[in-house]
Amino acid sequence: MAYDANEVYILNPAYVMKNDSRRIVIYSGLRSNHLSVRNWESYLHPLQAQIFSFFTFNRPLDVTVSILGKYLKCDESTVRKIISPFIENPLSVYTKYKDEKVRIPRNIIVNRNQLVEEVDFPNLTPDIFECQKRVDLTTRRMYSGPQLLTVMLNNTCASNCIYCYADTITRINKRLSTNRIFELIEEAKSLQVRAVNLMGGEVFLHPDWAVILKKLVDLNMSPEYISPKLPIPDDIVRSIKESGFANPVQLSLDACSSVVLQKTLSVKSDYLTKIIRGIKLMDASGLKYRITSVLTTYNIRKDYIKKLFALISELKTITDWRITLAVNSNWIAYEQFQKLKPKKKEIESLYEFIEEEIIPCSKIPILLNRPALNREFYYCTTGSKDFKGVRCSALNNHLFILPDGKATICEQLYWSPRFLIGDVSTDSVSDVWDSPVAKRLFNLKSEDIQDGSPCKRCNLFESCFSENNRCWVDIVKSYGKENWDYPDPRCAYAPSMFYDLGF
């Protein structure tokens, strides 16, 4: 790799390094750039992070090489050999520590002149990345605390969707105060939590949503997106803009039919008019937004899609349109929900129509949720490490806080007692993350499993459970809450689902 030693080369500011006690986590921050990888996360050996810390100063490369050589106690020629693979690397780089691969994202060290945005030089020092205990590059669970925090502000909604998977039934006796939410956000910042997501219920029905959002923006911990069902009025648009929130607002519209919306959302006849008005306000505001449509037996029709596309085609600043599927809920009777789920043939037919007739005419991306449609079950014979799909974040890097402060391992488990691991109304995020309940759930033993579960006697138990990639939500949805310790339905040794997740 040819590079100019007189130029300034720096750690790509899109990446963040965090000391996780027994390794260093490197991940994509909220501010990406054209050189970085979005949603990157991997572990570094502490020495690698210490080397990269020398590239957080505004100085020419030859000066950095000289200072780094003194730190490593080697000559400058050796330093250049060490750093060369990481300078403007166009692809991810893999190194090895013992038997473990160490993954490093592309363009980890870049020429300052290649970045168009302003750069704040954090001036990191190698002592920040010292680890006192034996290095661990394999355990998925974060030692220092979660990487992602989700705060459910309320479980109150503006509609009553017949396909909703949320627990809107549980009564909240005492909601977390805004001051306490601020304290949790400050602690999350000190833990270098990647982002704090906000959700409901309906986020915009919380009286202090705007100041909470602004707090997150000011600390560079913005939610990935906000997803309201509420028709957006002028004052909400204005408050979003004033907060400085720059990520998408995800608006929901399932059909341009007042009759369909009244039947599926339990809303009034003027809801469609108000929703469209809110969409057009967002379109004129300059804020990022997208539209999501959920398919059920009520709207799985080409004419409904055509009408939606006609509306979307008139919009100027929408980023994309996401068409997804209603998924099983723990709060709706299975028999009732089955009546809402379209047949697979119906969905395939509509998707083909969209791909052939709508997408070629669209100026924006239209994203179809084919992974949900084509999910495979009963295929994996080697345990959870080889399950297809997104890797489970529960107990690994994500903590979910309910409106009353109870903390659970996953969004869709809500107040299910078996999965509550603490209470942030009285305890810190760190204490909840390291609570005995959390550790026990993460380190389940075969004796913790009921005799009726095939996992109890499985030869893959240790490797499968230690990987912690079984989807707790899918297990509970498939077999019922009492069978929380059954196999994930992707497992070849799982019994037939009592409540089918497929289409």
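**Helices, strands and rings in a predicted model**

Just after helix α6, Gly244 takes a positive phi of about 85°. The model is predicted, so to speak with care: local features need pLDDT of at least 70, side-chain atom pairs count only at pLDDT 80 or more, and totals for chains, interfaces and linings use all residues. Residues are numbered from 1 along each chain as its sequence is written, and side-chain values use heavy atoms, with hydrogens and water left out.Helices (H or I, at least four residues) and strands (E, at least two) are DSSP runs, numbered from the N terminus.

Helix α6 spans residues 234-243, and its buried residues are Ile236, Val237, Ile240 and Ser243. Here, buried means under 20% relative accessible area, exposed means over 50%, and partly exposed is in between, with a 1.4 Å probe and protein chains only. Why do these four end up on the same side of α6? They cover an arc of only 130° around the axis, which puts them there; the arc is that of the directions from the helix axis to the C-beta atoms. The buried residues of α6 pack against α5 (209-218), β10 (249-252) and α8 (271-285), where contact means heavy atoms within 4.5 Å.

Helix α7 (residues 258-265) has Val260, Leu261, Thr264 and Leu265 as its buried residues. Their arc around the axis is only 95°, which puts them on the same side of α7. Turn to the face away from that buried side, and there sit the exposed residues Val259 and Lys263. As for partners, the buried residues of α7 pack against α8 and α9 (302-313). Ser266 follows α7, with a positive phi near 55°.

Strand β10 comes next. In a regular strand the side chains alternate between the two faces of the sheet. In β10, Val249 and Leu251 point one way while Gln250 and Ser252 point the other way, and all are buried. β10 is joined by four bridges to strand β11 (residues 289-295), and the two run parallel; strands pair if DSSP finds at least two bridges between them.

What about the inside of the model? In soluble globular proteins, nonpolar side chains tend to be buried together. A nonpolar core is a set of buried Ala, Val, Leu, Ile, Met, Phe, Trp, Tyr and Cys residues joined through side-chain atoms within 4.5 Å. The largest one has 137 residues, and those with the most contacts inside it are Met17, Leu253, Ile291, Trp321, Ile354 and Trp472. Not counting residues up to four places away in sequence, Ile291 touches Leu251, Leu253, Ile279, Ile312, Leu315, Ile318, Asp320, Trp321 and Arg322.

Now for the rings. Rings of Phe, Tyr and Trp (its six-membered ring) pair if their centres lie within 6.5 Å; planes under 30 degrees apart count as stacked, over 60 as edge-to-face and the rest as tilted. A search of the whole structure turns up 13 aromatic pairs. One of them is Phe54 with Tyr71, a tilted pair at 5.1 Å centre to centre and 50° between the planes. This pair links distant parts of the chain: Phe54 is in the loop between α1 (46-53) and α2 (61-72), Tyr71 is in helix α2, and they are 17 residues apart. Phe54 is buried, at a relative accessible area of 7%, whereas Tyr71 is partly exposed, at 33%. Tyr479 and Tyr486 pair up too: their ring centres are 5.1 Å apart and their planes are at 45°, so this pair is tilted. Both Tyr479 and Tyr486 are buried. Phe419, Trp472 and Trp484 are linked by ring pairs into a cluster.

The charged end of Lys101 sits over the ring of Tyr94, 4.9 Å from its centre, and that of Lys215 sits over the ring of Phe182, 5.3 Å from its centre. To count, NZ of Lys or CZ of Arg has to be within 6 Å of the ring centre and within 35 degrees of the ring normal.

The peptide bond from Gly200 to Gly201 is cis, with omega near 25°, and Gly201 is in the loop between β9 (195-199) and α5. Asn107 has a positive phi near 50° without being a glycine; this residue lies in the loop between β6 (100-104) and β7 (109-111). Asn107 is buried, with a relative accessible area of 9%. Gln192, also not a glycine, has a positive phi of about 60° and belongs to the loop between α4 (178-190) and β9. Gln192 counts as partly exposed at 32% relative accessibility.
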